Amino acid sequence: MGENQGYEIDLSGWYKCDIDRKQLKRLMRRDNWHGLLWFGGYFALLAATGYLAYLAIGTLWVIPAFFLYGTIYAFAAPIMHETHHGTAFKSRWLNELVHWLTATMLLTEPEYTRWGHMNHHTYTVFTAKDIEIELPRPPGIMPVVLRLFGIVMVHPVKICKRAFGIIEDKAKEMVPESQLPKVIWFSRLLIFVYACIGGLCIWTGSILPLVYTVFARFYGSPIPKLFVFTQHVALAENVYDHRLSARSIHLNPVFRFFYWNMNYHIEHHIFPLVPFYALPALHEQIKDQLPRQYSGLWDAYKEMVPAMIRQYGDPAYIIKPILPEAQLQQQTGAI
Amino acid sequence: MADNLNWILVCDADELDVEDAISFKQDSDIYAVYRTPSGYYATQGKCTHAGALLADGLVIGEIIECSGHQGRFHIPTGKAVRPPACVALKTYPVKLEDGKLFIGLQN
C-alpha cells in the first residue's frame with residue numbers, strides 16, 4: 001500500500017497508452033460550452049417529449065410517448081456520470097449543480113454515487129472490490145431484468161438511514177471522511193424533493209408527477225441500459241488493462257449525443273480526465289493501441305449474448321479481445 | 001541546506017508549457033515537475049491517495065488535479081486541497097539555469 005491512503009491498488013500500475021503529453025493536455029482542457037450545449041439539448045428534448053406525452057394522454061399514443069419521454073429521462077445517467085468526474089463543465093458550481101440535478105432525477109444521492117464510481121475506476125471489474133459490476137458471471141435472468149429496469153440502482157432504505165446519519169461500512173470505505181456530511185445532507189434533500197413530488201400528487205389528485213419522475217427512472221431505463229451493458233459485460237475480470245476489461249463501440253451521432261460519448265469506454269477508463277467531447281479525438285490518437293472498436297450495438301451483442309449463454313456451462317469463459325501487439329505478432333508470424 | 005542538494009537535470013525548460021507537468025524518474029523514485037503561471041515546481045510523482053501519476057493530471061493555475069480520483073493539490077506547497085486527497089505531497093526545490101530545469105534532491 002505504501003503511501004496510498006488504504007488502497008490495495010497503485011493506479012500507476014494500470015496499462016496506459018502512449019500519447020504525446022502535450023496532445024493529451026490539449027484534450028484534457030475543459031470548457032463550459034460543450035456541456036451547456038449537450039445538457040441544454042438534452043433538457044429541451046426532455047421537455048418537448050414530456051409535453052408530447054402529456055398531449056397523448058387519453059389516446060393510444062400515450063404508451064409510446066411516455067416510453068420515449070422516460071427513455072430520454074433515464075439518459076440523465078451518462079450526464080450524471082460525466083459530472084462525477086468533474087469534466088462536464090469547466091465551472092465547478094455548474095458541474096455540481098447538474099450533478100445534483102441528474103442524481104436526484106435518478107433517485108440517487110450524488111456524493112455516495114460519485115465515490116462509488118471512483119471505486120469503479122480504481123478497481124475496474126476487480127470482482128472483490130468493484131461495486132459497479134453490471135452482471136455476475138454467469139448472468140442470471142433476474143439480475144439482467146433488475147438491471148435493465150434500473151431497480152438495483154435505487155436504495156431507498158439506505159438513503160433513509162443515511163439521512164439519519166447511519167452510514168453503512170461500505171459507504172464509509174469509499175467516501176472520504178470529510179465528504180460524509182454531504183452524503184447525509186444530500187440524502188435529506190433527496191427525501192425532501194420526493195416528499196414534495198408525493199405531496200404534489202396528493203394536492204393535484206394526479207399520479208402524473210410520479211409518472212414524470214420516479215416511474216420514468218424505471219420504465220425509461222431499458223434502452224440506456226442496453227448501452228451500459230456493452231461497457232464491461234463478458235470481458236476479463238481482475239486485470240490491470242482496460243483494453244481487456246472494457247469495450248468501445250462505434251455509435252451514430254444521435255446515440256453519442258444521448259450517451260455523452262461513453263461508447264469510447266476504453267479511452268474513458270484509461271484517461272478519465274479527458275472530457276466527453278474530446279473522446280472522439282482521443283480515440284483517433286490511440287486507436288492503434290486498442291483492440292478493434294465494435295461497429296455498433298448489434299456487433300457487440302452478437303458476441304456478448306452467446307458469451308453470456310456459454311458462461312452457464314463454463315462460468316470461467318470470457319471474451320478476450322485481440323490486442324494490437326498480438327495481432328501484429330500473428331501477422332508477422334504469418335509472413 | 002542547499003549544499004546538501006544534488007541538482008539533477010530534468011529537461012529543457014521550454015519543454016513545459018504554462019499549466020503543464022512532466023514525470024521524471026531518478027533511481028527508483030518518480031517526481032512530477034510543473035510549470036504554473038508563477039513558475040516551476042516539483043513534487044513527489046505519485047498521488048498520496050491512490051498512487052496515480054500526477055503528471056498525467058490536469059494543471060489548473062497553481063493546482064494539480066489528479067487523474068485518478070480528481071483529488072487536488074496546491075503545487076507550490078504540496079498541500080491537499082480537495083478530497084479524496086488529504087495527505088500533502090512532498091515538494092522539492094527546482095532551479096532554472098541556461099534554459100535547463102534542475103530538481104534538487106538530498107544527497
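## Contact between the chains

Two residues are taken to be in contact if their C-beta atoms, placed from the backbone, lie within 7 Å. On that basis the contact takes 21 residues from chain A and 20 residues from chain B. The side of chain B that touches chain A divides into nine nonpolar, eight polar and three charged residues, where Ala, Val, Leu, Ile, Met, Phe, Trp, Tyr, Cys and Pro count as nonpolar, Asp, Glu, Lys and Arg as charged, and the others, Gly among them, as polar.

This is a predicted model, in which local features need pLDDT of at least 70 and side-chain atom pairs count only at pLDDT 80 or more, while totals for chains, interfaces and linings use all residues. Residues are numbered from 1 along each chain as its sequence is written, and chains are lettered from A and ligands numbered from 1 in the order in which they are written.

Strands (E, at least two residues) and helices (H or I, at least four) are DSSP runs numbered from the N terminus, and two strands pair if DSSP finds at least two bridges between them. Strand β3(B), residues 29-36, is largely enclosed by the rest of the structure, because six of its eight residues are buried; a residue is buried if 20 or more other C-beta atoms lie within 10 Å of its own, exposed if 12 or fewer, and partly exposed in between, with C-beta atoms placed from the backbone.

Strand β2(B), residues 20-26, pairs with β3(B) in the antiparallel sense over seven bridges, and F24(B) stands opposite Y31(B). These two strands form a hairpin with two residues between them, and D27(B) in the turn has a positive phi of about 55 degrees. Strand β4(B), residues 39-44, runs antiparallel to β3(B) and is joined to it by six bridges, with Y41(B) opposite Y34(B); a hairpin through two residues links β3(B) to β4(B).

## Nonpolar cores

A nonpolar core is a set of buried Ala, Val, Leu, Ile, Met, Phe, Trp, Tyr and Cys residues joined through C-beta atoms within 7 Å. The largest has 84 residues, and those with the most contacts inside it are A76(A) and V33(B). Helix α3(A), residues 62-74, gives the most to this core, with seven residues. Leaving aside neighbours within four places in sequence, A76(A) is in contact with T102(A), M105(A) and L106(A). A second, separate core of nine residues includes W115(A), I159(A), V175(A) and V183(A).
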